[in-house]
Structure formats: C-alpha cells, structure tokens
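Subject: Structure for you to look at

Hello,

Here is the structure I promised to pass on. Please open it next to this email and follow along.

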Amino acid sequence: MTRLATAARTAATHRLFWPALVLAVLVLGNVAFTPNFLHIEVRAGHLYGSLIDILRLGAPLVVVSLGMTVVIATRGIDLSVGSTIAISGALACLVISDQGDQNSVGGVLVAVGLALALSLVLGLWNGFLVAGIGIQPIIATLILMVGGRGIAQLITDGQIITVNSDPYELIGGGYLATLPFSVLVAVVMIAVTAVLARRTALGVLIEATGGNAEASRLAGIRARGIMVMVYLFCGLCAGIAGLMISSNVHSADGNNAGLWYELDAILAVVIGGTSLGGGRFSLGGTVLGALIIQALSTTVYTVGIPPETTMLFKAVVVTIVCLIQSPAFRAKVFGRRPRSTPATPSEPAKIEVPA
Amino acid sequence: MTTVPVRQRWRPQERHIPVLATLGLLALMYGLGSLRYIGFNDPQIILNVFIDNAFILVVAVGMTFVILTGGIDLSVGSVVALTTMLTAVLLEQAHWPVPLVILAGLAVGAALGFGMGCIIHFFEIQPFIVTLAGMFLARGICYAISTSSIPINDPFWTYMGRSLKFGSLKVTWSVLIAVAVVVIAALVLAFTKLGRDAYAVGGNPQSALLMGLPVGRTRIAVYTISGLCSALGGVLFTFYLPSGNSLHAIGMELTVIAAVVIGGTLLTGGTGYVWGTALGVLALGLIQTIITFEGTLSSWWTKMVIGILLFVFILLQRLIAARRPT
C-alpha cells in the first residue's frame, strides 16, 4: 500500500471528510458552469464574489446551527429557532422605528440589546420546559414554534415594519474592513463556541449529558443546568440571526422571517455528522453543513436549475448525504461491515439491577 | 385471610385521563361559547367545524399511527399538496377518468410513505430526517409540476363539494369519509395484530423485537398508512377547495402534530387513541370558530392560543406520568 493510499484512507475515516467532499463537489460543480465562480475581487473597498456571497448569506444559518448543535448534543432539539428569529427581528425593528432618529447608534444598541435579551428569555423558557419540567424537547419547543409566530405578529401588529437605519443595516448587510460584517459576527460566534466547548470542560459536560443524562447526574454533573444553558445559547444564536436577517432586508416580517430555519439548521447539524441521538458533536461539521445548504441554494441560481425545483434538489442531496453517513447503508450497499465494534458502540444493554 | 371488598369510588383509568381532559376542555369551550355568543349553540356550528377540518382529521389519524410507534412524519403537509396537484393535473390536463385519478393519488401517497418507512427501517436513519427529506421531495415535485394554481372543474368534484342536507343540518361527503376513517382506524388499533404491534413497538421496540413481533414490518406499515391517509386528506382537500396548488397545506404537519398531542397521544409512543386525536382536531377547530365569533381578535391569536393549549396539555400529561408508579 502506497503512502498516498494510506493517507487517503485516513482522510476518508475523518468525520469531516464527507461534508467537506460534498462542499468541494458543489463548489467545483459551479466552476464548471460559471468559470469565474471562484473569482474574488475588491470593489469599492468591499470583497465581491460568489464565494463571499455564500459566506455572507450563509452567516445567519451558521450562527443558528451552532446553537442547534449544542442543543442536539444534549439529545435535545430546538424547533423554535425560526420563531425566535422572527421575534428578535420584530422587536429590534419596532424599537428602532419608534425612535425619532433612526440613525442614532445608541438607539440601535438599545434595540439590539432588547432583542437579544428577549431571545435569551425565550431560550430560558425552552430550557425550563425541558430541564425543569422534563418535557420532551421536540414538544417543548413546538409550543414556542407555534405560539412564537403569534408573538412576532403581535409585536409587528401583523404588519411588516420597515426601518431606515444605517447602524442597524451594518449588522446584516454592511462591511467592516472589506469583509461582510455578518461573516465577522459568525466567525466570532464560531470562535467563542469552539473555545468554550473545546478549551474548557464544557464540551465534555455537554457530551456527557447527551450520552446519558441520568448517569452524568450521578457522576456529579449538573445536567439540568447544562441543558438550560444550551437552550439559552440556542435562543441567543437565533436572536443574533434574527437581527442579521431583518437588518439585511431592512424590515421585520412576523409571518415569514426565519420560516423553515429550524429545519435547515437541523439539516446542517445532521449533515455535519452530529447524531440526533445526542452525545458527540462536531462544530466544524456543523459549519460545513450550513455552508453546504447555502451553497446548494446558490448553485441552483448559478447553474440555472429552475428555482421551482430547489426543494427537489435539496431533498436528493439530503437523502444522499444521510445515506452515505448511515453505517447500516454502507454495510448493506457496499458490502462492508461496520469497521470495528468499538467504533460503533452498540445499544447499551439495559440490565435490570435489583435494588 | 379474606379480603373485604371495599367499595371504590369510580375513577377513570389513568391512560384515559388525557382524552377525558380534552373532552372536558371541548365541553367547556362549547359551553362558554354558547353562553357568550348568540347562535353558537346551533348544532350546525359543530358540523361546520367537521366540514372545515375533515381533511386534517384524516391526516391526523395517519399521524397517530406513526406517533404511536414512537416515530414522526413531517411529510404529511407536502403529501397533501402533492395529491391536490396530481389530482388537478391528471383530471384537467391528462383527462384521466375520476376513479383512476383518485387511485393514482392514493397510490403515490402510500408509495412515498412506504419508501420513507423502508429507509427508516433498513438504513436506520432517524424518522425526523427521513420524513424531512420526504417533505422537501413531495413539495419539490409539486413545484416541478407547476408553480401556478390549477383549478378543478370536474362535475364529480362539484358534487362532492356540495353539502348534503339532513333537515336543517348540512354535512359534506368529506365529513362522512373522515368519520369512517376514524372508526376504521380505531378498530384496527384496538382489535387487529397490526394495532397491537404498533402499541408494542412504540412502548419498547427492543422488547417487541425480543417477543418476536415484526418490528420492521410494523414500522414500514405505519408510514405507509400515514402516506395513504395524507393522500386521502389531499383528495378531501380538493373537494373542499377544488384546485391543485403547490402552496396548499404549508405547515399542516404542525397543526396535525399539535392535534395528536392535544388528543393525549404521547410522542414517545405506546400510549394514545384515535378518538383522542379526533377530539384534538375538534378542539383546534373550535378555537378557530370562537376567534371568528369574537370578531375583534386578530388571526395571530389562534397561534398563541394553540401554543398555550399545547403547553397546558403537555403539563397535564407530565403530571400524570409523574404520578404513575414506575
């Protein structure tokens, strides 16, 4: 076996291999259709190019998916992020539109602060339902998903609130030092999350809680506190994304802002290789997953696939990615046994111990 | 030693409490509505709730099967839309005969459900993700067929859309079909092997497997049933609103899941009744009616009230679960 083959085999077993490959294929596929796809230029002091567009438009999804990753790592799920996006954007735009001078930086900061505080409260509510009362996460967050749209419409009074505020526009559509501001925010969020999760014990605690909440409680981890914390974080992430989205379109729409974002975020997490069963999570995989989803939408436009078939295209890609990642599928189709037994831990045997 | 029989106060079985609570809530809402609004106690109001929600009822019955086994089906709304689209295209553009059109719609729905069930079972991918992909797929096929609304002008649809008069009361064929579906589903769940297997798989898949029950077959069967019910719901939808449109029934999966939960079915599987689901659908319909009668309330209050109701019912289920000795 040559050294190259060994290296390739090692790479193929890395858990970021498949998501990275899919993203690379998507980008290269685009180059075949539009040769200057990879071209990036500086125009009027801003970076321009299709790749930059993917990053800029994908930033809100990346941020939401980060929050979703840690929630899913605790064996939870947060269906309410779409509603939180709508609520956060609605509140920020409402506060700004009520101000005499919409361009005042202080006023915008107050609006942003209020919106993020409300997102944290919503996250706390989810965390309380899941960890405090012990409701299944999918149901607990379904409440806010359904009710939250109503709250968002209540804030906007059923209208679309439009704002004309330069400082607010910076968040989602502006540039700072030639880079899109939203990308910078996303990078900061990724960095903070990665440092908290991987340089402190927090990541291990989250994985332990997701692996077995009861066992980790007995081991002295305050599993409930961890769970409340991840929902808080997920609410905050959705709030930030809500600000980005509403700022990018200068308006808040209680009905349609962030619609289906929860599904995209969950997809991004799953494509990134984090199991919905909880436990191990991969932040890098999630970021790749979110970029894959955004690249898919961009591909549809650049390749000239009719936009009507976007969903069809998405369904096919999602199915392929999930099938490739399923050990059962690989074993059945490629006739390969799941690598070694320790790599795929079997269902923990439940043994009744007489007390 | 002999035990003296103690006269016990009648107490409902614990597994019936959620359904009874929903029933109580329905009675309360109806009572308050009758007191507050003139003309609310007209029996036609109840029948109108049935008429407006017949298709949701049918879809919710399919969802109940899936949730009983501990799964979830997010594709139902899209399958409803796909069926309306197929029906409209086959009727108006391909000019197929009516029975064939309906059969084709049902077959496509059942096939989609079967396919998703197979992927879930054989490749061990979570139902949430598989049915999510199914949701995109069905909606995508809709858009691929046509992005504009296709009206249905077939005389059979005109006939089915008309109401049947019993004295002063009116119902539609859809209501009768939906009620029949509920009754059949209740009988299947209570008295057939498939029904018992569904409860067993939802209760504990591992024990079900060890008991020699066909876990895989049951799983595939419930997703097929859900697909079939969604397709039937789609056909009823075209009776109610005679057109095929890829934007029909967006977000219906949530309404349906909410109805099933309010009806007392546990999302972990193993506990629940089709009757409860029917009551859940009625409760959601009655909320809508009350908000219409109130007149001053905006439509977004519906969503908030549904959210609050969901919360109350889940809390109730939680309390019952906490009292149950383990």
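This is a predicted model: local features need pLDDT of at least 70, side-chain atom pairs count only at pLDDT 80 or more; totals for chains, interfaces and linings use all residues.

Start with chain A and chain B. In chain A, 47 residues touch 40 residues of chain B. The two chains bury about 3700 Å² between them. Of that area, 82% lies on carbon and sulfur atoms. How many salt bridges cross the interface of chain A and chain B? The rule finds zero.

**A helix pair across the interface**

On the α12(A) side, the contact uses Leu263(A), Asp264(A), Ile266(A), Leu267(A) and Val270(A). They meet Phe128(B), Ile129(B), Leu132(B), Met135(B) and Phe136(B) in α5(B). By class, this contact of α12(A) with α5(B) has nine nonpolar residues, no polar ones and one charged.

**Two pairs inside chain A**

Two packed helices are described by the angle between their axes and the distance between the axes.

Take helix α4 (residues 81-97) and helix α11 (residues 223-248), both of chain A. They pack at about 55°, with axes 7 Å apart. That makes α4(A) and α11(A) oblique to each other. The crossing of α4(A) and α11(A) is right-handed. Residues of α4(A) in the contact include Ser88(A), Gly89(A) and Ala92(A). Among their partners in α11(A) are Gly235(A), Ala238(A), Gly239(A) and Gly242(A). The contact of α4(A) with α11(A) divides into nine nonpolar, seven polar and no charged residues.

Next, helix α3 (residues 50-73) and helix α13 (residues 283-303), again of chain A. Here the angle is about 140°, and the axes are 8 Å apart. How do α3(A) and α13(A) lie to each other? They are oblique. α3(A) passes α13(A) in a right-handed crossing. In α3(A), look for Leu57(A), Gly58(A), Leu61(A) and Val62(A), which are among the contact residues. From α13(A), the contact includes Val287(A), Ala290(A), Leu291(A) and Gln294(A). The classes for α3(A) with α13(A) are 12 nonpolar, six polar and no charged.

Best wishes

Definitions and conventions:
Residues are numbered from 1 along each chain as its sequence is written. Chains are lettered from A and ligands numbered from 1 in the order in which they are written. Side-chain values use heavy atoms; hydrogens and water are left out. Axes are lines fitted to C-alpha atoms, for helices over the stretch in contact, and angles run from 0 to 180 degrees between N-to-C directions. Helices (H or I, at least four residues) and strands (E, at least two) are DSSP runs, numbered from the N terminus. Angles under 35 degrees count as roughly parallel, over 145 as roughly antiparallel, 65 to 115 as roughly perpendicular and the rest as oblique. A crossing is left-handed if the near helix is turned anticlockwise from the far one by less than a right angle, and right-handed if clockwise. Contact means heavy atoms within 4.5 Å. Ala, Val, Leu, Ile, Met, Phe, Trp, Tyr, Cys and Pro count as nonpolar, Asp, Glu, Lys and Arg as charged, and the others, Gly among them, as polar. Buried area is the accessible area (1.4 Å probe) that two parts lose on being put together, summed over both. A salt bridge is a side-chain nitrogen of Lys or Arg within 4 Å of a carboxyl oxygen of Asp or Glu.
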